[in-house]
Amino acid sequence: MLEKLFSPQAIALIGASAHPGKLGHEILKNLVASGFKGPIYPINPKAESVLGIESHPDIRAVKEPIDLAIIAIPADFVLDALRACGECRVGAAVVISAGFRETGHEGLLREIEMANIAKEHHMMILGPNCLGVIDTITPMNASFAASMPLKGEAAFMSQSGALCTSIIDISLSAGLGFSRFVSLGNKAHLNELDFMEAWIDDPHVKIVMGYLEGITDGARFMELSRRLTKKKPFVAIKSGSTGAGSRAVSSHTGTLAGSEKAYEAAFRQSGIIRAESITDLFDFSASLVIQPLPSGDRIAVVTNAGGPGIMAADAIERAGLRLARLSRDVMDALSMALPPAASVLNPVDVLGDALAERYRTALELVTKDPGVDALIVILTPQIMTQANETARVVVEMAKVAKKTVIACFIGDKNLKTAQKILEEGNIPNFITPERAVAVLKVMWDQKRWKDTPIHIPKQATLDRDRIRAVIEKAKNEGRAELGEAEGREIVSACGLQIPTSRLCKNPQEAVESAEEIGYPVVMKIASPDILHKTDIGGVRLDIKDAREVRDAFDLITLRAQRYMPDAEIWGCLVQKQIKGDAEVIIGMNRDPQFGPLVMFGLGGIYVEILKDISFRIAPFSKEEALEMISEIRSAGLLYGARGTRRLDIDAIAETLLKVSGLVTEFPEIVEMDINPLVVFEEGWGVMGLDVRFVLKN
């Protein structure tokens with residue numbers, strides 16, 4: 001798909017310069033120095049040659065076919081240059097030049113025209129305002145990066161050109177090599193989706209790395225990510241998500257959601273490994289490239305220092321991994337082979353005076369234990385420590401063990417040679433136990449993700465005509481907010497149980513409805529303009545007789561008129577009072593990037609205080625719905641903690657699926673809450689007591 005960009009047979013550089021320090025000069029130097037084997041055509045109307053290569057005044061003057069054009073000229077001339085490329089049937093262009101959307105409206109219009117040119121001439125365009133593209137397989141360095149990266153199996157893309165140069169510089173020290181390296185720039189034509197799709201089946205790409213600031217198409221991004229991550233890891237830094245895409249919200253879900261939550265959910269559902277820093281990016285990526293994924297989550301630790309061993313054990317538990325239980329045979333063998341003061345429990349402490357051969361003995365025994373899936377080898381440099389020899393032992397044992405092996409040689413000056421031996425032997429090394437464990441956690445998560453089949457969401461059973469009628473009525477009346485009676489109609493059309501209720505316009509109707517429903521009842525203000533009824537005293541509970549009904553009607557409507565004099569008041573909703581075993585909340589806020597972001601958490605008035613919540617992008621499967629429920633900290637209350645009764649988890653999951661289907665099929669719904677959703681004992685279902693809906697304006 002992107003062969004002309006990554007593997008061109010001939011390249012033209014429009015804007016080649018004979019003056020050192022000029023952008024067009026440095027790019028040409030990089031092209032030549034990279035060892036590109038095809039012809040290079042400098043385009044410069046004022047020079048006969050550049051760097052000893054014959055120059056041409058215009059790309060049209062080149063009589064041979066050109067696959068790739070690099071453009072490094074002022075922005076005012078870029079569009080004409082691209083049209084000339086199109087006339088010459090150039091397959092791909094990299095626009096290094098800046099001066100486009102980052103400069104304002106005029107620059108944005110140039111980018112729009114750039115995309116039109118790409119479409120008209122069937123030409124791929126990378127950029128503008130980018131560092132360029134590098135391919136170590138071809139090889140080709142069509143960029144102004146200061147260095148050529150090492151050849152390797154990682155593909156990297158970035159929306160920050162400046163970060164690209166830093167990543168290359170760091171990678172040279174870290175020993176991480178790249179096959180493809182792309183600066184996306186302003187993404188006028190090619191974007192992150194194009195490269196993700198190309199790299200899914202690229203044999204030269206073992207892992208994808210990325211720095212992302214914004215996603216072009218959230219749904220397509222998730223679909224491609226799932227396909228990609230089932231074959232190879234995708235490690236990404238996502239910046240700029242806190243507060244991005246924020247807008248005025250009125251529902252609980254809208255208040256608690258936000259772009260950061262949407263990205264977290266999207267990455268989780270797509271198998272993307274989220275790196276919080278450049279350090280994470282390199283730690284995770286390098287380890288995934290050079291070490292096999294663990295077959296399980298049971299971790300053994302071999303150390304020559306008790307303190308770091310305990311630190312590793314603590315980190316393993318905090319990460320949700322397990323400290324491996326060594327078999328009796330292995331512990332007996334360790335007891336026979338190690339000094340009496342050594343610890344043969346996991347962590348295995350070989351003591352501070354351990355030489356390389358003692359490490360070898362311990363590692364041979366521990367790695368053969370079938371109850372060990374991965375191993376952390378800790379070494380601290382003490383006066384008798386044989387760091388270099390021990391590093392060689394670790395490398396040898398890892399080749400034989402065929403298990404995930406991570407080193408934690410804690411130190412700097414006295415361990416540089418040992419750390420180099422580990423690096424050359426494809427053993428990741430970290431100077432703290434916590435970093436080593438963090439990497440193992442990522443590797444185990446990747447293993448589970450690859451082994452778990454993708455569950456296809458089932459289509460929800462909805463009464464679509466009823467739902468459409470409610471939405472159309474509100475839209476025809478120019479209302480974005482639905483009244484509770486309308487909201488109840490929608491959730492009822494989704495098959496959700498709701499308590500019996502009546503909309504009453506006066507106290508007498510309220511009394512008649514309450515006596516028909518049966519006491520005790522709940523009364524709420526009915527208004528499309530008042531979403532948070534409790535905030536204005538618009539809800540009364542535990543009403544037991546006709547006198548209390550009349551008093552409640554007068555008080556609720558008076559408060560509503562006083563606090564919101566412009567609100568349209570329809571009367572009061574009289575509802576059967578329901579007492580369940582627990583209250584939860586299900587809600588949705590429509591994210592501008594990814595669409596419907598569904599929330600689940602502890603319900604009632606405490607949701608915004610405790611924030612015990614989980615999120616998923618809709619649509620999702622039954623398995624994902626059950627994961628949402630189990631993720632919240634208070635999940636034990638639902639599953640029957642400390643002898644309490646297990647509640648109807650399956651009914652909660654089914655309700656989540658109904659909401660997922662509803663908000664997927666009806667994009668007019670931008671916010672909604674079911675709060676509280678009352679949950680009963682297992683087998684007795686759930687019931688939605690209060691609902692709120694906000695439609696697209």
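**Cysteines, sheets and helices**

Reply: The structure holds zero disulfides, a disulfide being a pair of cysteine sulfur atoms within 2.5 Å. C130 is in no disulfide, and its nearest cysteine sulfur, that of C164, is 8.8 Å away. C504 is in no disulfide either, the nearest cysteine sulfur being that of C572, 7.9 Å away.

Me: What kind of model is this, and how are residues numbered?

Reply: This is a predicted model, in which local features need pLDDT of at least 70 and side-chain atom pairs count only at pLDDT 80 or more, while totals for chains, interfaces and linings use all residues. Residues are numbered from 1 along each chain as its sequence is written, and side-chain values use heavy atoms, with hydrogens and water left out.

Me: Back to the cysteines: is C130 buried or exposed? And C504, buried or exposed?

Reply: C130 is buried, at a relative accessible area of 3%. C504 is buried as well, at 0% relative accessibility. Buried means under 20% relative accessible area, exposed over 50%, and partly exposed in between, with a 1.4 Å probe and protein chains only.

Me: Now the sheets. What is the strand order in the sheet of seven strands?

Reply: That open sheet has the order β9-β8-β11-β10-β12-β13-β14, with mixed pairing. Strands (E, at least two residues) and helices (H or I, at least four) are DSSP runs, numbered from the N terminus. Two strands pair if DSSP finds at least two bridges between them.

Me: Which strands stand at the edges?

Reply: β9 (140-143) and β14 (273-274) do; each has a single partner strand, so one side of each is left without a neighbour in the sheet.

Me: How do β8 and β11 pair?

Reply: Strand β8 (residues 132-135) and strand β11 (residues 178-183) pair in the antiparallel sense over three bridges. I134 stands opposite F181 in β11.

Me: Which helix packs on this sheet?

Reply: Helix α5 (residues 161-174) packs on it, touching β8, β10 (151-158), β11 and β12 (207-212). Contact means heavy atoms within 4.5 Å. The direction of α5 makes about 160° with that of β11. Axes are lines fitted to C-alpha atoms, for helices over the stretch in contact, and angles run from 0 to 180 degrees between N-to-C directions.

Me: What is the order in the sheet of five strands?

Reply: The order is β2-β1-β5-β6-β7, in an open sheet with parallel pairing. Its edge strands, β2 (40-43) and β7 (124-126), each pair on one side only. The twist averages 15° from one strand to the next. Strand β6 (residues 92-95) runs parallel to β7 and is joined to it by three bridges, with V94 having L126 as its bridge partner in β7.

Me: Which strands does β27 pair with?

Reply: Its partners include strand β24 (residues 582-591), which runs antiparallel to β27 and is joined to it by seven bridges; M588 has M672 as its bridge partner in β27. Strand β29 (residues 691-695) pairs with β27 in the antiparallel sense over five bridges, and E671 has V694 as its bridge partner in β29. Strand β28 (residues 686-688) is also antiparallel to β27, with three bridges, and L677 stands opposite G688 in β28.

Me: Which residue takes a positive phi in the hairpin of β27 and β28?

Reply: G683 does, with a phi near 95°; the hairpin has six residues between the strands.

Me: On to α16. What span should it have?

Reply: The expected span is 1.5 Å times one less than the number of residues. Helix α16 (residues 433-451) has 19 residues and should therefore span 27 Å; its end C-alpha atoms are 27 Å apart, which agrees. Its buried residues include P433, V439 and W449.

Me: What does D283 touch?

Reply: D283, in helix α10 (residues 278-290), touches F430, R435 and V439, not counting residues up to four places away in sequence. D283 is buried, with a relative accessible area of 9%.

Me: And where is Q419?

Reply: Q419 is in helix α15 (residues 416-424) and counts as buried at 19% relative accessibility. Leaving aside neighbours within four places in sequence, Q419 is in contact with F409, G411, N429 and I431. Q419 and A391 are 28 residues apart in sequence and 7.4 Å apart in space, C-alpha to C-alpha.
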